[in-house]
Amino acid sequence: MSTMVLYSLLIGLPALVTTGAISAVTGGLKVGRSIAAFILGALLELLALYTLMPHFAHWSSGGVFISGLIVFLSALVATLLAEMMGGDTDRFGNHKFSADGSVLTIAIGFVLFIVWIVTASCAVRPASLGNNSEWDEIAALLEPREATQSDLEASASDDDLIKISPAAANLEAQGVMPGDVGSYAQVGKTFEQTINGDQYYITDLRVTNWRGFRQAGGVLPGYFIRPAKVMDATTTFVPGHALRFVPDARWSEDLGRHVYLNFTLDCGCEVENLDVLEIDNEGNPFYTGTVWRYSVGNVGMIADAVIVVDPTDGTITEYQIGQVPDWIDRIYSLEKMQERVEWWATYSEWDASTFPSPSTTLGKMLLDSAEDVYGHTGRLFYQYTVTSSGADQTLKWEIQVDPRTGEAVKFPASGKTIQAVKDLITQQKDDLNLFVTTDVVECERQPLLGVETYYCLLQAEDSGAISGYVFVQERFTSSPSQVIIAGSFDEAWNLFRRQLTQGSGGNANVQGETADTIVVVGTVQRISLESIDDAILMLVIAEDGQALYFRVSAENPYASLTREGDKVEIVAFDILTDEANEAVDLRNESLPPAVLNP
């Protein structure tokens with residue numbers, strides 16, 4: 001309520017100044033001064049509510065009533081100030097408070113003020129400050145479950161990794177902006193989204209020139225789309241849409257104001273992340289936002305629903321949690337869930353009975369990083385890494401959160417922090433004089449071919465384009481020489497697979513040292529259980545009928561898991577001799593080991 005009074009005071013002051021100016025010009029409004037201040041204060045408050053859209057206007061369950069209350073409060077403040085500051089002076093020049101008209105105006109306003117409060121109290125039920133069950137739900141720590149064996153055995157491959165960052169996709173969108181559209185709009189925000197099982201970057205448009213926008217019919221013609229995991233894909237503009245209710249549009253067609261006036265004011269809630277453009281499975285664009293309901297006074301909020309706004313006609317559709325269409329990726333935002341993860345990291349190991357002080361067990365873990373990640377499931381998840389709060393910044397946990405349900409899973413981690421890995425990559429690329437003017441971005445942990453690995457992109461500082469790819473195995477986060485850096489994804493991926501076959505020996509290959517490979521798909525007919533020089537011998541019947549022997553490193557994560565009869569894909573690298581390309585008997589020790597990828 002104190003915020004409302006202060007806000008009303010700020011609205012009342014302009015009303016006072018304006019009323020005083022009119023009084024000075026007209027020679028004194030006298031009786032009409034208080035009436036003019038009352039009306040002007042109310043009008044200015046209504047204008048502020050329309051243009052500024054303050055959140056406190058719906059701090060309780062009856063936003064419309066509260067907004068009206070503030071209008072009356074602003075008008076009364078303006079009236080009182082006008083009479084206190086704008087009264088007449090006596091013949092000696094001393095200020096003289098004039099009650100002419102003010103008593104009647106204030107009395108009428110006060111009565112209306114009381115009537116409005118009573119009406120609001122009868123018509124709505126404000127969120128109770130003593131709602132203990134709601135407090136429990138809001139304050140509950142994130143409760144991540146332990147990763148199951150199935151979770152721990154999950155494996156990602158090259159097809160599961162993004163090949164471009166959102167910033168680079170946004171840059172590409174700027175390059176394909178239709179010329180006529182660029183005169184009144186600019187590229188907006190870029191978000192990852194799953195459409196029909198595939199991952200894309202979606203970028204919307206934002207109005208920059210109202211006059212040009214009006215001349216174009218008051219609509220934006222489409223959006224940009226770009227496959228996130230396809231290396232050679234490009235960003236394209238999708239025309240054929242007439243998006244009228246969009247961010248930064250005119251007056252009531254501005255997306256935020258349209259939702260505020262037609263939904264938020266009357267719902268006793270706040271709408272988060274409204275400016276996310278998502279595409280349904282038929283390619284139609286919609287703006288979505290999560291509805292956070294006030295459940296405890298004007299502070300405590302719980303996610304209650306998701307609204308979908310059709311930008312072509314402004315239709316607002318509300319879906320309760322649990323009934324949200326499958327094509328909507330985000331219900332809980334990265335930032336909201338990050339707050340919960342930070343709470344969990346701070347309090348999950350807290351022991352109030354610790355002697356001499358429970359503070360010694362408070363905040364023993366800290367959040368390291370937060371990232372949007374696509375994994376082997378093809379669905380978006382939030383990845384948070386948590387480290388100990390001591391001097392040793394080794395990771396302790398990786399928390400994965402489903403943005404549709406808020407459910408969390410914690411995986412044990414032992415590598416360096418994301419920032420430490422970024423520093424390691426920067427050190428190595430600078431030492432090698434490679435990609436010097438690039439930033440390390442989009443770093444994520446992935447179980448690549450069953451091995452916990454950090455995967456990062458190198459983004460040019462000047463243009464923002466992606467210019468390199470990096471792989472760092474978790475076990476090598478203290479070894480700069482084992483960092484794999486290459487200018488193309490295929491090159492970096494091949495070098496990573498080659499590194500897996502070599503166990504811990506040798507330095508990682510970097511730019512310009514790609515090995516030739518052969519790929520064989522077939523069925524395992526026989527496996528030698530006798531390990532020879534840390535290798536396992538496998539006889540594979542290829543799809544073309546050839547019987548081929550392969551020597552597989554015992555350190556390969558799949559070697560001990562493969563059984564006779566399994567269908568496998570084996571890649572052999574040409575490291576020592578040209579004969580390896582002919583897939584001869586790999587039991588020969590002069591031949592390289594193979595990478596198994598079932």
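The torsion about the S-S bond of C443 and C456 is about 115 degrees, so the disulfide (a pair of cysteine sulfur atoms within 2.5 Å) is right-handed. This is a predicted model: local features need pLDDT of at least 70, side-chain atom pairs count only at pLDDT 80 or more, and totals for chains, interfaces and linings use all residues. Residues are numbered from 1 along each chain as its sequence is written, and side-chain values use heavy atoms, with hydrogens and water left out.

**Disulfide**

- The count comes to one disulfide, with the sulfur atoms of C443 and C456 2.0 Å apart.
- The pair links distant parts of the chain, 13 residues apart: C443 is in strand 16 (residues 438–448) and C456 in strand 17 (residues 451–460).
- Helices (H or I, at least four residues) and strands (E, at least two) are DSSP runs, numbered from the N terminus.
- Both C443 and C456 are buried, where buried means under 20% relative accessible area (1.4 Å probe, protein chains only).

**Helix 12**

- Helix 12 (residues 489–501) has 13 residues and spans 19 Å from first to last C-alpha, close to the 18 Å expected at 1.5 Å a residue; the expected span is 1.5 Å times one less than the number of residues.
- Among the buried residues are F489, W493, F496, R497 and R498.
- S488 caps the N-terminal end of helix 12, with a side-chain oxygen 3.2 Å from the backbone nitrogen of E491.

**Aromatic rings**

- The structure holds 14 aromatic pairs; rings of Phe, Tyr and Trp (its six-membered ring) pair if their centres lie within 6.5 Å, and planes under 30 degrees apart count as stacked, over 60 as edge-to-face and the rest as tilted.
- Y184 and F213 form a tilted pair, 6.3 Å centre to centre with 45 degrees between the planes.
- Y184 is in the loop between helix 7 (166–175) and strand 4 (185–195), and F213 is in helix 8 (residues 210–215), 29 residues apart; Y184 and F213 are both buried.
- The ring centres of F286 and W327 are 5.5 Å apart and their planes are at 35 degrees, so this pair is tilted.
- Y455, Y469, F471, F489, W493 and F496 form one aromatic cluster.

**Charges over rings**

- The charged end of K336 sits over the ring of W292, 4.5 Å from its centre; the criterion is NZ of Lys or CZ of Arg within 6 Å of the ring centre and within 35 degrees of the ring normal.
- K410 lies over the face of W397, at 4.5 Å from the ring centre.

Conventions:
Buried means under 20% relative accessible area, exposed over 50%, partly exposed in between (1.4 Å probe, protein chains only). A polar contact is a pair of N or O atoms within 3.5 Å; within protein, one must be able to donate a hydrogen and the other to accept it, and residues adjacent in sequence count only if both atoms are side-chain atoms.
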